[in-house]
Structure formats: C-alpha cells, structure tokens
Amino acid sequence: MAILEVKNLKVNYGVIEAIKGVSFEVEQGEIIALIGANGAGKTTIMQTVNGLHPAKEGQVLLNGENITNIPAHKIILKGMTQVPEGRRIFQELTVFDNLMLGAYTRKDKKEFKATLESVYEKFPILSERNKQIAGTLSGGEQQMLAMGRALMSHPRILLLDEPSMGLSPLYVNEVFKIIREINEAGTTVLLVEQNAKKALSIANRAYVLETGRIVLSGDAKELMHDESIRKAYLGE
Amino acid sequence: MEFLSSIINGLSLGAMYAMIALGYTMVYGIAKMLNFAHGDVITLGAYTVVIVSSTVLVPAINLPVWAGFIAAVLVCAAVGVLVEFVAYKPLRRASSLAVLITAIGVSYFLQNFFQIVFGTSTKNFPRVPLFNETWMIGSLPLNSGSFFTLIFSVLIMIALTFFVKKTQTGRAMLAVSEDRSAAQLMGVNVNRTISVTFAIGSALAAVAGFCYGYTYTGIVPTTGAMPGIKAFVAAVLGGIGSIPGAFVGGLALGIVEYLSQIYISTQWSNVIVFGILIVVLLVKPTGLLGKKRSEKV
C-alpha cells in the first residue's frame, strides 16, 4: 500500500481551477519528484496535501487514512511533515527555538533528545549556531534549519517544497545530498522542484506537472532521457 | 524629595498600565487584532473582587480579599476566552476593520452589562491588609500599595518572559505571531494558542483591576475604560506586539502622566498622554522597542 496517495485532486484558487484532477502515489521508502514550471501548481498541491488549502474534489490518503481537508496542525501527528516553500523558518526566534517548534507535537522526552542529537549531527552548523537568531543565518543555513526543524518531528514521510530555491550551487548539492541521506535512513520523500535535473538525479520516480495536470510520469532515469523533458525542463 | 516621590508614584501608575498593555500587545502580536474591550476586563476583575470579598454587592459572600483576587483572575481569564470565542473567532478571515468595530461593540456591551447588573453608583473596593499604609523611607513617604503594584508588575514581567521564551506553549505563541501557517505545519493549533493568549491577557487585566481597586477604591461600570485606552497608548509607545516594549511603554507613560499632573496641570495630563500617541505615530510608528516587520503575503 502506498504511504501517500493523492486521487483525482482538484483545487480552486478563488474561481480559478488551479489543480484539475491530479493523481499520484508515493510508496514507502521512495523519493518521488514532482517537477514542473513556475505556476504549474506544485506548491498548491503541497499545501492542499498538508491541509493548508482546501481541496475541492478528490482525496488525500496517508497510510490508507483519508486526511483530505483535516486541519493542518493535525497532519504532522500522522507522520507527515513539510518543509515549506521559501523555508518559512521563524526568523525572530533562535535556531534552538525553531528546532523545538519542530518537535512541538512530541511528548517523549528521551527519544526527542536522541532526535535532537541526530539533527545536530546531520547539520553541525545548527549545533554551532544554536543560540543565534534564525533570521541572521545565510539562505543555505536557513534551508538546513528548515530541514532540521522538519526532522525534529521524526516524520515517516517528508515533503520538501523547492528546497533548492535561491541557494548557491554549493548549497544545492549539499541539500540534495542530505535529502538522499534522509531517505537512506528510512524516511520516504516527496520532493517538489523547479530544478528538474537535480530532482530527477535523486528520485526513483517522477511526475511532470503542467498547468494543474500531470502530463507525464515514470521512472526518473527514463524521464531524464525523455526528449520532451530534456527540451522543456533540462534546457538542452 | 517631592520629585522622587512623584517618580515612584508615576512608576506605580505606569506599572498598572504595563500590566494592561501586556494584554493588548500579546493579543495584537498573536491574534493580529486590537482588543478594545480589554479595558473592560479590568472593570470585571475589580467587580469580581467586590462581589467575593465584600458585602457591597453580594452580602452572602464575604471571603478574604485574596480569595477575591484569585476569583477575579479566573473569571477574567474565562470571560476573555469566551469573548474571543463568541465575538472574534468567527471573524478570523474578516477585515481588520470589522474585528476592530466588533471589539468596540464588545466594550460597550460589557460596560452596559455592568451598569444593568451592578448599577451606576460607585462600589467600594474592599481594603487589602498592608496595602493602604504609608511607609517612611528616610523622610520620603511611600504608599505601600504603590510599592506592591510595582512588585506585581515586575513579577508578571519575569514570569511572562520565562513562559514565552522557555515553554513550548510560549514558543508556539511566538511562532503563530510570526507565521501562522508555518506554525500550523509544526502542529501548532492556532485557535487554541489564540485562546491561551486571551486567557493570559485577561488574567493580567484582572491583576490590574485589583491594583486599580486598592489604589483608587471606587469602582463604576466605566472604571477600566480610560486605563485601557491609556495602556493602548503605552503599548504603541513601547512598540505594539513587543512584550518588553509594553512594559517599558507602560512605565514611561505612567511617569509622564504623573509628572504632568504634578508639575503642569491635572487637566492637561490626558492631553499630554494622548499627544504622545500622536507624536509616536507620526515620528516612530514602530515604537521604542518595536521591530519593523515586512508583511508576508
């Protein structure tokens, strides 16, 4: 059974139909990439899956449970956490407070400590800058914090919305390396990216989104060699 | 000597404003609204003490004044949450003007409710042992009540700072204040966090009502209205949304008001206080400790 299943999802922004019936599945242990140009509806899908935006039609199933339109704050409890577009870290709070907020729903003190240790291990910069105000971090460091914060909830499936946006090439490579590590440690990943080349290089499978519809899907390596993909998204 | 004594009295008045301003500023920071009914919660707190700890309103109940104090804190917290639930929560997605007008409506509702239930005549606040003495510090006379008001406000400020910075609920409040949807993604229940904020703000208003009661002794249905508005000025002066700002703004405003009463004229003191609001809005709208925050879309 798929860990996350989206069935015929339709989403409106006002009167405009932004998502026109999208279906996809994420299997346990996979990295799935959702690629597409600006305005294709990638972020809208992510927000709807996480309960921040209402679905008009269709279903979102997490571990077989229908979670369509349940309040956003309840979804993290079911094992799905999102790193939102633009990172959205709490700029005025310290790095430590950001991580603590990532663990907001956790009640188990001991295991929480172990998670904090493992996040510090994965992102040594966060341990170093633990007392620093998050808004003063560089863009790349903020992305690390956003990812570390999401991992604090110990998710079974991690959603990442444009994790490479606005980062230097060095940090882009770092971010994708870490995503792969997170996945290898057992967390399923759904990745939304404009950087199709990078996304396809780490994904198992991918879906291509165009103006609210999935136009192509399949094995990531095959898509990378697909003529139309190369032209439209890889700039070749 | 007279100047020093005026400063102390001004600080005490300011401490009361600070407690009220903390409620204004927390609610503004987290729920993004100006709760103009906040001042009337002070009145409710004062009346609760009169009911519980004197024979003035309900002769059958006459408990020690501290029982009245605790009752006031609980009643105000509960009413604060109730008002938010009934009047403001349905307007979460409405324009801020609609919420502002509703808050003014709630304020008038509460004032008229007090008038009908408690009558318009002045009700005497019960005496608080130890709070109505004059202590001599050298040759400087110090009213013990003023001293305790200051102590209350400092304790509240310390407790509140600790709560907001060191507890998960406090962090959640700061998170909601900065980015509501990111907070939701962390699992923070925004509605519950707003309720907690109203409970705390209203409990602080109850403490301020208690301080007002033993300082000025007479309670009428509009008792809290003027201190409420002045505390709003204090919150803006300190930087609305900022907790230390509310404290500093409250103390500063208290000193300015008291000094202008003594050295200029009691009739001009309100003009000066509200003049400060206008000047702050013109010169530094973010206040003394407020931050400039770009609005997120």
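Is T217(B) buried, exposed or partly exposed? I counted 14 C-beta neighbours inside 10 Å, so T217(B) is partly exposed. The cut-offs I used: buried means 20 or more other C-beta atoms within 10 Å of a residue's own, exposed means 12 or fewer, and partly exposed lies in between, with C-beta atoms placed from the backbone.

**Ground rules.** I am working on a predicted model: local features need pLDDT of at least 70, side-chain atom pairs count only at pLDDT 80 or more, and totals for chains, interfaces and linings use all residues. Residues are numbered from 1 along each chain as its sequence is written, while chains are lettered from A and ligands numbered from 1 in the order in which they are written.

I placed T217(B) in the loop between α8 and β4 (218-219) of chain B. Helices (H or I, at least four residues) and strands (E, at least two) are DSSP runs, numbered from the N terminus. T217(B) is not a glycine, yet its phi is positive, about 65 degrees. Most residues other than glycine have a negative phi. I then looked up T211(A), where phi is also positive, near 35 degrees. T211(A) sits in the loop between β9 (205-210) and β10 (213-219) of chain A. It has 14 other C-beta atoms within 10 Å, so T211(A) is partly exposed.

**Helix α8(B).** This helix covers residues 190-216 of chain B. Its 27 residues should span 39 Å at 1.5 Å a residue, and its end C-alpha atoms are 38 Å apart, which agrees. The expected span is 1.5 Å times one less than the number of residues. I found 21 of the 27 residues buried, so α8(B) is largely enclosed by the rest of the structure.

**α2(B) against α9(B).** I took α2 (residues 38-53) and α9 (residues 225-238) of chain B. They pack at about 140 degrees, with axes 7 Å apart. Axes are lines fitted to C-alpha atoms, for helices over the stretch in contact, and angles run from 0 to 180 degrees between N-to-C directions. The two helices are therefore oblique to each other. Under 35 degrees is roughly parallel, over 145 roughly antiparallel, 65 to 115 roughly perpendicular, and the rest oblique. α2(B) passes α9(B) in a right-handed crossing. Right-handed means the near helix is turned clockwise from the far one by less than a right angle; anticlockwise is left-handed. Among the contact residues are H38(B) and I42(B) of α2(B), and P227(B) and I229(B) of α9(B). Contact means C-beta atoms, placed from the backbone, within 7 Å.

**α9(B) against α11(B).** Next came α11 (residues 266-283) of chain B. Its axis and that of α9(B) come within 10 Å and cross at roughly 35 degrees. α9(B) passes α11(B) in a left-handed crossing. K230(B), V233(B), V236(B) and L237(B) of α9(B) meet α11(B) residues including F274(B) and L277(B). The contact has eight nonpolar, no polar and one charged residues. Ala, Val, Leu, Ile, Met, Phe, Trp, Tyr, Cys and Pro count as nonpolar, Asp, Glu, Lys and Arg as charged, and the others, Gly among them, as polar.

**Between the chains.** How many residues does each chain bring to the contact? I found 15 from chain B and 19 from chain A. On the chain B side, α6(B) gives the most, with six residues. That side has seven nonpolar, five polar and three charged residues.

Technical notes: Contact = placed C-beta atoms within 7 Å.
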